Amino acid sequence: MNAAQPLSQPLVDLDTPLLKVNGLTRLYGPDKGCQAVDFELHPGEVLGIVGESGSGKSTLLGLLSGRCVPDRGAVAYRARGGAWVDLYAASEAERRTLLRTEWGFVEQNPRDGLRMGVSAGANIGERLMAQGDRHYGRLRQAGLDWLRQVEIDPARIDDRPTTFSGGMQQRLQIARNLVSGPRLVFMDEPTGGLDVSVQARLLDLLRGLVRELNLAVVIVTHDLAVARLLADRLMVMRRSRVVETGLTDQVLDDPQHAYTQLLVSSVLQP
Ligand SMILES: Nc1ncnc2c1ncn2[C@@H]1O[C@H](COP(=O)(O)OP(=O)(O)O)[C@@H](O)[C@H]1O
Ligand SMILES: [Mg+2]
């Protein structure tokens, strides 16, 4: 190797975070909600938020995705062009545009994230239309391609999600979110409502897509097996606070906080 030759520059700047979160707080009552949350998320990184029911996971996700506003704290997002967006200083319209274009949000219940009254193809095409694409052939082709990607028979393109199983609906919701090429996807218990066998398949699919598309993901789950499979890093929440954070294997194999130890050991018991 010639030492004088500079190494080629990476296409994405992995050293610069995509999201910077500072002192994020929203409380509905004492220790109810989330408080004093700080972290950075890098491109292509998967952050798992774990903790018992009521610990504040969904509240935090709602704040991060701009669906609700904090009492205190800030979120800065590095947009595609490189400019930093101050999430809560941005207008409602700007936040909605982000959610439609650079971000995705996968709901636990697919009925909340799909339009049940229109076809699978329309569900997928809609996000592209929201970005200004009105070309029927292209929208149709994207629908077919994405059904295949999420392992749904493309022949079902004109069927409504009401005729799909729960697992298929969840895969359709994922297709609808990913078709527009987001860089950051929020997921709230995406496998929560599914049978165990269906969960495993969906997790495999999600893991493949996340790596292939180099997606940054913030995924909320109370299921440590899901966290283990998908997340690079974990944040453990308890009573509105982050009590432990670290690489997934470190947190699960060598938990430091007593609460995390309890959480990990309770999973091991039948
Ligand atoms: N909109 C709200 N109004 C009042 N209390 C809320 C609201 N959203 C959440 N909470 C309360 O905040 C706490 C955390 O809720 P949540 O973020 O949904 O927890 P998790 O997702 O970890 O189960 C709970 O005690 C919940 O009852
Ligand atoms: Mg929740």
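**A tour of salt bridges**

Start by selecting Glu126, which at 24% relative accessibility counts as partly exposed (between buried, under 20% relative accessible area, and exposed, over 50%, with a 1.4 Å probe and protein chains only). This is a predicted model, in which local features need pLDDT of at least 70, side-chain atom pairs count only at pLDDT 80 or more, and totals for chains, interfaces and linings use all residues. Residues are numbered from 1 along each chain as its sequence is written, chains are lettered from A and ligands numbered from 1 in the order in which they are written, and side-chain values use heavy atoms, with hydrogens and water left out.

Glu126 is in helix α4 (residues 120-130) and Arg176 in helix α6 (residues 166-178), 50 residues apart; helices are DSSP runs of H or I with at least four residues, numbered from the N terminus. Arg176 is buried, at 13%.

Move to helix α2 (residues 92-101), where Glu92 and Arg95 lie three residues apart, about one turn of the helix. Their closest N and O atoms are 3.1 Å apart, in a salt bridge. Glu92 is partly exposed at 44%, whereas Arg95 is buried at 10%.

Finally, select Asp249 and Arg228, whose side chains form a salt bridge of 3.4 Å, N to O. Asp249 belongs to helix α9 (residues 248-253) and Arg228 to helix α8 (residues 224-230), so the pair ties together parts 21 residues apart in sequence. The structure holds 15 salt bridges.

Terms used
A salt bridge is a side-chain nitrogen of Lys or Arg within 4 Å of a carboxyl oxygen of Asp or Glu. Helices (H or I, at least four residues) and strands (E, at least two) are DSSP runs, numbered from the N terminus.
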